[in-house]
Amino acid sequence: MTANPTGFEPVFCTIVPPVVLDTLAQSSDPALARAARRTLQRDAYERTQRRLTTVIGAPSVAAPRGAVEGKPHRTIYDAKTKTDLPGRKVRGEGDKPGKDATVNRAHAGLGATFELFFKQYARDSIDGGGLPLNATVHYGEEYGNAFWNGEQMVFGDGDGEIFLDFTIPVDVIGHELTHGVVQYTANLTYFGQPGALNESMADVFGSLIKQFTLGQTADQADWLIGAGLLAPRVTGTALRSMKAPGTAYDDDVLGKDPQPADMDHYVRTGRDNGGVHINSGIPNRAFYLTAESLGGHSWERAGQIWYDVLTGGELAQDASFEDFAKLTVAAARAKYGDGDELKAVVDAWAQVKVPAS
């Protein structure tokens, strides 16, 4: 990928893996196949647009006049089932909730994401400098995805048969915005193991944002990504499980969740950018095991260690799982010494069979 003039390489990141949409596109049900194919075509277009932006450089976005440090600046747009971005502005910062629940959920989800990063990690928006948070809802016709395009969030309404409204799970919102945090920090290459780490970081902080919003401890959390997104006809609970990768769904139409839980089952594939949504299950489980071992609020000690690695400047763009694991061990020792935190991290990576020392 060609570096853009800003030094950042924004990528097109979706919450639903292309392998899932590929399966749906081959469904014998014409309605399901049509919606999936339309989504895949739209994703391909947006991915191409992102590559072009990477070459010529994305427009710079500064904090608006009057913006207050430590306060979000959110704007929600309505695409009205069209695909022109950003669409018509329907809610700004400080505006009261309207009648559209999707707009209200998007606004709240952007705020929840901002709040966790600022209150827990002293990060002022996803770039650390007060970047405005923009989102478009009601994107496309039966569009079955949500994405971060390097500049803003976009949410589809789903087809109602497989996927519901993508603003329903707050962790989906947090996941996609965390791709923005990765973009402005470690800028992990979106392929193979660094790409899977990119996806895992988004899942980790997406889950933490949900837990933070609900006030949950590690043992109270469901550790699911996208719970509430799948329609009632689907045999499954979510898109992914951090606690038990490979168990989120097992459906006649969607197939079975392909995520591995350890390196013995690592999936080598040329699809999905080298399996970025698949193999992310391995570092996801390592984080869950760390958080479970430590107990309490996962965004505190476990989340702090992962955040320190992401933003510490030592995580290479092409980092492997082993590289990342070793950095989490070093971060745990630097922050907490040779105590419970270090032991939890070391044991977690050992359980998923990633060398960490």
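Me: Two strands pair if DSSP finds at least two bridges between them. Which residue in E3 does Tyr-77 stand opposite?

Reply: This is a predicted model, in which local features need pLDDT of at least 70, side-chain atom pairs count only at pLDDT 80 or more, and totals for chains, interfaces and linings use all residues. Residues are numbered from 1 along each chain as its sequence is written, and side-chain values use heavy atoms, without hydrogens and water. Strand E2 covers residues 74–78 and pairs with strand E3 (residues 88–92) in the antiparallel sense over four bridges, strands (E, at least two residues) and helices (H or I, at least four) being DSSP runs numbered from the N terminus. Across this pairing, the residue opposite Tyr-77 is Lys-89.

Me: Which residue in E3 is the bridge partner of Thr-75?

Reply: Thr-75 belongs to E2, whose antiparallel pairing with E3 comprises four bridges. In E3, the partner of Thr-75 is Gly-92.

Me: Why is strand E2 largely enclosed, and how many of its residues are buried?

Reply: Buried means under 20% relative accessible area, against over 50% for exposed and partly exposed in between (1.4 Å probe, protein chains only). Strand E2 is largely enclosed by the rest of the structure because its buried residues number five of five.

Me: Which residues of E2 point the other way from Arg-74, Ile-76 and Asp-78?

Reply: In a regular strand the side chains alternate between the two faces of the sheet. In E2, Arg-74, Ile-76 and Asp-78 point one way, and the residues on either side are all buried. Those that point the other way are Thr-75 and Tyr-77.

Me: Over residues 76–183, what percentage of the chain is strand, and how far apart are the end C-alpha atoms?

Reply: Helix accounts for 32% of the chain over residues 76–183. Strand accounts for 18%. The end C-alpha atoms of this stretch are apart by 22 Å.
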